[in-house]
Amino acid sequence: MINFDVNKFDTPYFLVDEGLLKRNLEILAGVKKDAGCKILLAQKAFSMFVTYPLISQYLDGTCASGLHEALLAHEHFKGENHVFSPAYTEKDMPEILRVCDHLVFNSFTQWQRFKGDVGGKSCGIRINPEFSTQDAGIYDPCAPNSRLGVTLASFRPDLLDGISGLHFHALCQQGAEELAATFAAAEERFGKFFHQMDWLNFGGGHHITKKGYNIPLLVDTIKRAKKKYNVEIYLEPGEAIALDAGFLIAEVVDIVENDGNIAILDASAACHMPDVLEMPYRPHITGSGKAGEKAHTYRFGGPSCLAGDIIGEYSFDRPLKVGSRLVFTDMAIYSMVKTNTFNGIKLPGLAMRRLDGTMECIKTFGYQDFRSRLS
């Protein structure tokens with residue numbers, strides 16, 4: 001149900017609902033309390049830092065995928081600052097070490113290269129349980145020949161001096177059942193090393209705030225691991241933090257009749273929601289149905305020159321017209337951080353619906369944002 005004025009700002013724009021965000025955070029805070037674990041914001045999924053003061057009231061810190069996310073957290077989030085990268089560079093490492101608390105290495109080669117520089121940082125190694133629980137290879141860190149994490153065959157027990165924790169990340173939009181199975185696989189391969197650690201990081205991909213998620217199983221899995229190995233447990237959800245808390249509002253710019261009605265929007269799959277093409281998936285639009293389900297069916301496309309800039313087919317009770325506004329749901333996660341300016345297309349604005357119901361424009365983008373990325 002939409003409880004905000006879709007005409008408040010120029011389209012396209014993302015809107016994050018502070019109340020819906022807080023609802024997710026309260027669920028995560030409950031998991032923290034019941035399981036006795038720590039939860040970090042995975043910034044790769046959601047980096048709208050105007051919300052960081054609120055999120056930091058509930059979570060323990062952030063995890064970054066490299067220098068820039070680590071700097072963002074250092075500047076705007078009060079809490080622990082964890083960093084993992086498939087490969088660190090000599091150039092970035094001094095600045096990363098300045099701002100981070102925990103540093104996770106993807107290989108023992110990288111650990112050997114930088115171990116003399118880490119000082120008092122808590123360092124870990126990412127392990128690969130080699131246990132796939134999903135079919136989408138592009139999102140499967142445990143797929144054959146994965147570059148992510150150390151497999152058992154490549155594990156170096158002789159190089160664990162100075163390593164405080166082990167990290168695995170194998171899930172994507174999945175439940176506690178998949179986590180429990182993955183942890184069992186990790187235990188089978190690496191469990192004999194867990195007793196040597198201060199912490200274990202269960203990574204991200206946990207859909208904790210999704211309706212029907214098995215929170216009791218998650219809590220039980222964490223508590224059993226803590227008790228058995230006497231370690232701190234970290235989770236790094238990204239989607240769960242802002243799940244269903246954001247929207248993308250777009251406008252119909254033209255309607256073309258080529259073997260059916262094609263509505264061209266000012267929002268682009270290629271530029272503003274690239275996961276529509278990468279995953280692929282069909283985002284939901286409020287008040288819509290599947291093609292043919294309602295009286296008027298349209299194929300939605302973006303304004304770019306890419307022939308495949310197609311969002312999907314939708315039907316509505318009433319015909320659309322130029323100027324009709326559409327609300328895409330669950331758009332806070334990944335879409336916002338993946339936007340680009342292909343074709344010089346304008347980036348969506350950023351807005352918030354505050355707890356008191358007021359709407360605030362946080363930022364708008366224009367030509368200078370496109371120009372500043374080039375030379």
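The exercises below cover some strands, a helix pair and a pocket in this predicted model.

**Exercise 1.** Work out how strand β11 pairs with strand β10, and in which sense β11 and strand β12 run.

*Solution.* Start with β10 (residues 246-257) and β11 (residues 261-265): they pair in the antiparallel sense, over five bridges. Now turn to β12 (residues 296-301): β11 and β12 run parallel, joined by three bridges. Here I264 stands opposite G301 in β12.

**Exercise 2.** Describe how helix α1 packs against helix α7.

*Solution.* Two numbers come up when packed helices are described: the angle between the axes and the distance between them. For α1 (residues 18-35) and α7 (residues 215-229), the angle is about 35° and the axes are 9 Å apart. Next comes the handedness: the crossing is right-handed. Then list who touches whom: I27, V31, D34 and A35 in α1 meet I215, L218, V219, I222, K223 and K226 in α7. Sorted by class, that contact has seven nonpolar, three charged and no polar residues.

**Exercise 3.** Which residues lie closest to the centre of the second largest pocket?

*Solution.* The second largest pocket holds about 640 Å³ of space. Of its 20 lining residues, S47, M336, V337, L350 and F365 are the closest to the centre. At least two lining residues come from each of α3 (67-76), α11 (335-338) and β16 (359-363). Finish with the classes: 12 nonpolar, four polar and four charged residues make up the lining.

Terms used:
Residues are numbered from 1 along each chain as its sequence is written. This is a predicted model: local features need pLDDT of at least 70, side-chain atom pairs count only at pLDDT 80 or more; totals for chains, interfaces and linings use all residues. Side-chain values use heavy atoms; hydrogens and water are left out. Two strands pair if DSSP finds at least two bridges between them. Helices (H or I, at least four residues) and strands (E, at least two) are DSSP runs, numbered from the N terminus. Axes are lines fitted to C-alpha atoms, for helices over the stretch in contact, and angles run from 0 to 180 degrees between N-to-C directions. A crossing is left-handed if the near helix is turned anticlockwise from the far one by less than a right angle, and right-handed if clockwise. Contact means heavy atoms within 4.5 Å. Ala, Val, Leu, Ile, Met, Phe, Trp, Tyr, Cys and Pro count as nonpolar, Asp, Glu, Lys and Arg as charged, and the others, Gly among them, as polar. On a 1 Å grid over the protein atoms alone, a cavity is a set of points where a 1.4 Å probe fits but cannot get out, and a pocket is an open set with protein on both sides within 12 Å along at least five of seven lines; lining residues have an atom within 4 Å of a point. Grid points are joined across faces, edges and corners, and a volume is the space filled by probe spheres set on the points.
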